[in-house]
Amino acid sequence: MSKQPYLISGEFHYFRVPKEDWAHRLDLLVQSGAAYAATYIPWMLHEPTEGDFRFSSSEFDDLEGFLDLCREKGIDVIARPGPYQYSELRYCGLPPWLCENHPEIMAQDKDGKAYNNFAVSYLHPLFLEKTKNWFDQVLPILARHMKSRGGAIAYVQIDNEMCFHEWFGGWDYHREVMLPHWAEYKKQNPAAEYHEFYFHSVGKFAGILAQWMRDDGINCTLMHNAANPNMVPYFRDTIKAVDEDFLLGVDMYFNLGMDFEANNPTPIFAANGFLGFEQLRLMGYVPMVLEMQAGNCADWPPTTPTNLMCWYNTCLAMGMKGVNWYVFTGGPNPPGIGGDGDIYDYNAAVGPLGEVRPIYDVLRKFSDFIRENPWLMHAEMEYDYLLGHDWAHSRSKNDAWNLLRKGVLITGFCTSYTPKLVELASLNQSDKPLVICTSRKMPRKIQDNIIKFIQKGGKVLIAPLVPRLDENEEEYTALADFLGAGFSEVINASVDFCYGELTNIAINKAYTVTAADSRPLAYDKFSGKQTAWEKDFPGGGKVICLGMSWKHSKDIHMDMFRSLMMRLDCTDTVVSCDNPYVWAVVRFNGKNRCLFVMNLFASPMEANITLIGRVQLAPMETKIVFFNNIANQFDPAEKAPQSSVR
């Protein structure tokens with residue numbers, strides 16, 4: 001995957017676009033700069049009644065006709081046969097007869113109640129049986145159209161946005177399907193939590209689907225899409241269960257209606273995107289967005305071209321290296337399948353009647369920009385510090401993960417410190433300071449790796465405490481013993497956290513922390529207890545233990561973080577910005593270099609940037625400035641509005 005060009009695709013549902021308009025709209029897709037068309041293949045459409053499979057009975061279900069046309073036009077296809085499609089279809093694309101006649105297959109909450117009438121228990125034998133029947137009909141069709149056999153299909157997706165039970169308030173606790181296996185899993189993994197078993201079961205489900213695909217002749221790369229950046233780590237079990245020719249990507253949306261977290265790009269979305277892309281990189285994948293917002297299922301609030309351009313450039317800054325526009329074009333729903341209206345407009349670049357909208361120009365200009373700067377496919381972010389990552393934290397969303405995501409990461413970006421996510425279980429560099437967010441548990445391998453890091457002269461900030469348990473919740477104090485750290489206790493009373501001259505720092509929790517031969521750095525003004533220490537080690541190593549967790553909300557957090565990083569000898573940053581509401585990062589491929597400057601707020605911003613001086617940004621604007629890449633600079637008025645300064 002690392003050698004491929006930047007993937008640009010557009011979601012194009014053959015069953016929604018009038019057949020007589022396929023050719024014209026595929027031409028528009030190519031002219032926008034895309035080389036791929038992605039499409040769902042709705043089970044409910046092709047098997048409307050059980051056992052009645054239809055693939056050429058109407059203008060809506062001519063799957064092979066669409067695949068043949070894509071081949072003729074030289075467009076590669078990403079095929080998404082499910083079993084789930086979602087896509088605002090009734091029953092998320094499952095056949096109504098399956099959901100209505102077999103309520104026993106539905107996933108259950110902790111009380112044994114079904115979440116709804118479409119969220120199934122993936123491993124229910126009856127659901128697997130019916131899915132196998134569907135696959136045995138659709139997969140041979142797809143197999144005939146593999147690129148290896150002269151067809152158009154380059155990728156096939158395994159299901160769609162698995163783990164969606166989380167959206168309904170929990171995991172799947174099906175009494176007959178899940179709980180007996182959970183008991184067995186728990187025997188083999190005594191310290192396991194239920195979510196780990198759930199992810200394991202999803203991986204098993206994905207492995208079954210993948211094997212069926214291979215058995216039916218699907219010999220291309222398989223893929224899956226995490227529904228949002230926070231769900232990326234859920235699929236480590238899936239990766240293990242599926243063969244090596246597999247790609248995991250992520251979906252990126254910022255506005256899907258009034259109940260969504262926001263209606264425009266925000267710093268929180270950007271930070272989440274960074275973590276999603278970085279975790280994909282740690283898994284060995286090119287960070288691709290397999291559903292990139294290019295419209296909106298809701299007509300209100302609007303998704304504007306300005307917001308989309310800002311979002312695409314921001315995701316590019318944070319590491320995105322491939323997109324599938326969702327959706328490129330819409331159209332009328334075939335009778336009886338639409339879950340939110342008769343017309344699937346999606347406010348897309350090409351409307352349901354084939355009309356070209358302003359969003360189309362945004363997609364074209366972004367594609368032009370990528371084509372003229374192919375080196376960005378291999379560019380990495382220049383970084384100031386290492387941000388330690390433990391998969392157990394990102395999968396459980398525990399306090400340590402919240403401190404990393406909402407405290408360290410956001411404060412760092414606001415203070416002009418750019419991170420690189422590093423896997424603590426395979427830590428192999430010590431060139432930059434390492435920030436570690438901890439819980440009371442830390443795997444033995446990670447503890448040992450941190451010790452080696454310090455022995456090599458590495459500098460570490462640990463917050464909020466030094467762990468004394470291993471991954472199995474057994475006592476393991478290798479790191480604590482090496483540091484000479486004492487026991488940590490939560491300060492339950494009111495806390496006035498004081499660090500140097502900074503007092504009453506806003507915190508989530510404070511801990512008492514001590515270490516032999518260390519220098520005290522912070523204390524609680526009310527109790528007088530020590531809450532941070534600093535210690536030097538032979539070979540130049542240094543450790544700061546900061547006994548607190550925080551959520552970025554005050555300027556004092558930036559003052560504290562800047563001081564801590566300077567204590568770890570991180571005095572110069574790749575790029576410095578004097579406005580905390582403006583974020584700036586640099587990407588570099590060994591030859592070419594570019595600076596991204598982001599204003600993700602609804603007001604104009606100004607900032608002094610060390611590399612370029614004074615910058616003015618419009619609301620929702622991400623500027624891109626090139627260095628050592630003069631030949632590939634572009635005219636901002638022609639190629640990428642709100643994307644470049646000289």
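In which helix is the place of Thr314? Thr314 lies in helix H10, which covers residues 305-318, where helices (H or I, at least four residues) and strands (E, at least two) are DSSP runs numbered from the N terminus. This is a predicted model, in which local features need pLDDT of at least 70 and side-chain atom pairs count only at pLDDT 80 or more, while totals for chains, interfaces and linings use all residues. Residues are numbered from 1 along each chain as its sequence is written, and side-chain values use heavy atoms, with hydrogens and water left out.

View 1. Thr314 counts as buried because its relative accessibility is 1%, and buried means under 20% relative accessible area, with exposed over 50% and partly exposed in between (1.4 Å probe, protein chains only). When residues up to four places away in sequence are not counted, Thr314 touches Ala270, Met598, Leu600 and Thr622, a contact being heavy atoms within 4.5 Å.

**View 2. Helices H5 and H7.** The axes of helix H5 (residues 125-144) and helix H7 (residues 194-215) come within 10 Å and cross at roughly 30°; axes are lines fitted to C-alpha atoms, for helices over the stretch in contact, and angles run from 0 to 180 degrees between N-to-C directions. H5 and H7 are therefore roughly parallel to each other, since angles under 35 degrees count as roughly parallel, over 145 as roughly antiparallel, 65 to 115 as roughly perpendicular and the rest as oblique. From H5, Phe127, Leu128, Thr131, Lys132, Phe135 and Leu139 meet Phe205, Ile208, Leu209, Trp212 and Met213 of H7.

**View 3. An open sheet of three strands.** The strands follow the order E16-E19-E23, with antiparallel pairing, and two strands pair if DSSP finds at least two bridges between them. Strand E16 (489-490) and strand E23 (548-549) stand at the edges with a single partner strand each, so one side of each is left without a neighbour in the sheet. Two bridges pair E16 with strand E19 (residues 509-512) in the antiparallel sense, and Glu489 stands opposite Thr512 in E19.

**View 4. Strand E20 and its partners E17 and E21.** Strand E17 (residues 497-499) runs antiparallel to strand E20 (residues 519-524), joined by three bridges, with Cys498 opposite Tyr523 in E20. E20 also pairs with strand E21 (residues 530-536) in the antiparallel sense over four bridges, and in E21 the bridge partner of Tyr523 is Gln530. Five residues lie between the strands in the hairpin of E20 and E21, where Gly528 takes a positive phi near 80°.
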